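Please find below a note on the model under review. It is set out as numbered points for a reader who works with coordinates.

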Amino acid sequence: MQELIKEATLLEPKIIEIRRTIHENPELAYHEVATSKLVARELRTMGVEVRTGVGGTGVVGLIRSGKKGKVVALRADMDGLPVQEEVDVEFSSRKRGVMHACGHDTHVAMLLGAAALLAKHRNQLGGDVKFLFQPAEEDGGKGGAKPMIEDGAMENPKVDYVFGLHIIGDLPAGVFGIRAGPFMAKPDAFRIRVIGRGGHGSAPHDAIDPVYIAAQVTIAIQGVSGRMVNPIRPFVLSVCSVHGGSKNNVIPDEVVLEGTLRTFERETRSKAIADIKRAVFSTCQAYGGRCVIEFQKDTYPVTYNDEKTTERVAKTLRKIRQTKTRLIDPYLAGEDFSRFQRKARGTFYYLGTNNPAKGCVSPNHSPRFKVDEDVLKYGAVSLASVALEFAR
Ligand SMILES: [Zn+2]
Ligand SMILES: [Zn+2]
């Protein structure tokens, strides 16, 4: 382990340089063209086999060990977010309104670092190692993992174990966060059209006011989480967007609400969806309105960390003496890493980057999200050591 850390320290300037290059030029979901070119070029320089254009802009790298042990896949996502960066560094985003606000730039850099380490230690591998650079994690619907899997990323050679690492703003820098079992939620998006009948603001009795009804609906569905779902079952519901109306004295025809719900269990989810529908329909009906509710189809599954595998990963992480490994609570965010876990056992874990001394205090997705780059080499070491542990 100490040897890997020494090598990663030598690689550190390169890892940071790659991260900054990608940070300056963030690309949105499905458009990771320059990023995947950079990835393919770097992998080829290391002598790693490369397949490009996998499920769109995805890239798959492969180190063959020449042995018949387990095949390990390591995954990094590559897309940025539609966020205007407010971090003032010399490598700030050069694209207006696009930013690597979730740290996927660091994921790419760390995984390339791990690939460089593993290419050097190829003879210690007992099985092959694959590198999955995926598009569009932030898409939230189809995502990038699904098209890559459909394009054969998990086959040939068939992957036995899959691992992924996410940088996180709410854990201290240098702390790995891990947990076995359900780790991240199934994210469901919904859209509710509240339909009334427009009219004059001075005469609501002659209209059916969708603004009033939408307000009632927003409150009514919170009762699903507060009163109707078993409180020991993780569940959260948020209405995050309200749109309707054009002027202070015109009652509009329609108001549109958009929101998300997050669950870990199938029964909780189907009960919550049924309860939401009933609350929305009856509230709209009570005030003479109508509604149309749509739930997004085929959303990301629950990110489930296989127990035995995760125990071995945690043991491996603890060997990186310069870092700490903590058991953390599950997150209600969603991740399409979960789709790879449907194909092979695996573990998703976090690496903290919170460091107030360096101004790294904002959470992921914030326009002020800033990463403590000192942790990146440990991220690279962790991925490489997990691959060495499992590729046997
Ligand atoms: Zn994100
Ligand atoms: Zn992310």
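1. Basis. The model is predicted: local features need pLDDT of at least 70, side-chain atom pairs count only at pLDDT 80 or more, and totals for chains, interfaces and linings use all residues. Residues are numbered from 1 along each chain as its sequence is written, chains are lettered from A and ligands numbered from 1 in the order in which they are written, and side-chain values use heavy atoms, with hydrogens and water left out.

2. Zinc ion (ligand 1). Donors are N, O and S atoms within 2.8 Å of the metal (3.2 Å for Na, K and Ca); water is not among the atoms, so sites may look incomplete. Three protein donors, Cys-102 (SG), Glu-138 (OE) and His-365 (NE2), lie 2.0 to 2.3 Å from the zinc ion (ligand 1). Along the chain, the donors of this ion follow the spacing C-x35-E-x226-H.

3. Zinc ion (ligand 2). Cys-102 (SG), His-104 (NE2) and His-166 (NE2) coordinate the zinc ion (ligand 2) at 2.1 to 2.5 Å. The spacing of these donors along the chain is C-x1-H-x61-H. Because Cys-102 lies in the loop between strand 3 and helix 3 while His-166 lies in strand 5 (residues 161-172), this pair ties together parts that are 64 residues apart in sequence.

4. The two sites together. Which residue coordinates both zinc ions? Cys-102 does, and the zinc ion (ligand 1) and the zinc ion (ligand 2) are 3.1 Å apart. In what follows, buried means under 20% relative accessible area, exposed over 50%, and partly exposed in between (1.4 Å probe, protein chains only). Cys-102 counts as buried at 9% relative accessibility, whereas Glu-138, at 21%, counts as partly exposed. His-166 is buried, as is Cys-102.

5. Helix packing. Helix 1 (residues 2-24) packs against helix 3 at an angle of about 145°, and their axes are 8 Å apart. The axes are lines fitted to C-alpha atoms, for helices over the stretch in contact, and angles run from 0 to 180 degrees between N-to-C directions. Residues of helix 1 in this packing include Leu-4, Leu-11, Ile-15 and Ile-18, and those of helix 3 include Val-108, Ala-109, Leu-112 and Ala-116. Contact means heavy atoms within 4.5 Å.

6. Backbone geometry. Asn-156 and Pro-157 are joined by a cis peptide bond, with omega about -5°. Pro-157 lies in the loop between helix 4 and strand 5. Asn-156 also has a positive phi, near 60°, although a residue other than glycine, and it is exposed, with a relative accessible area of 73%. A positive phi of about 55° occurs at Asp-298, which is not a glycine. Asp-298 lies in the loop between strand 13 (290-295) and strand 14 (303-305) and is partly exposed, with a relative accessible area of 42%.

7. Aromatic groups. Rings of Phe, Tyr and Trp (its six-membered ring) pair if their centres lie within 6.5 Å; planes under 30 degrees apart count as stacked, over 60 as edge-to-face and the rest as tilted. The count comes to 11 aromatic pairs by this rule. One aromatic cluster is formed by Phe-183, Tyr-331, Phe-337, Phe-340, Phe-348 and Tyr-350. Arg-312 lies over the face of Phe-390, 4.0 Å from the ring centre; a charge sits over a ring if NZ of Lys or CZ of Arg is within 6 Å of the ring centre and within 35 degrees of the ring normal.

8. Two buried residues. Met-99, in the loop between strand 3 and helix 3, is buried with a relative accessible area of 0%. Not counting residues up to four places away in sequence, Met-99 touches residues including Pro-26, Leu-81, Val-87, Pro-367 and Phe-369. Gln-341 lies in helix 8 (residues 337-341) and is buried, with a relative accessible area of 12%. Leaving aside neighbours within four places in sequence, the contacts of Gln-341 include Val-162, Tyr-304, Asn-305 and Phe-348.

Note on methods
Helix = DSSP H or I, 4+ residues; strand = E, 2+ residues; numbered from the N terminus.
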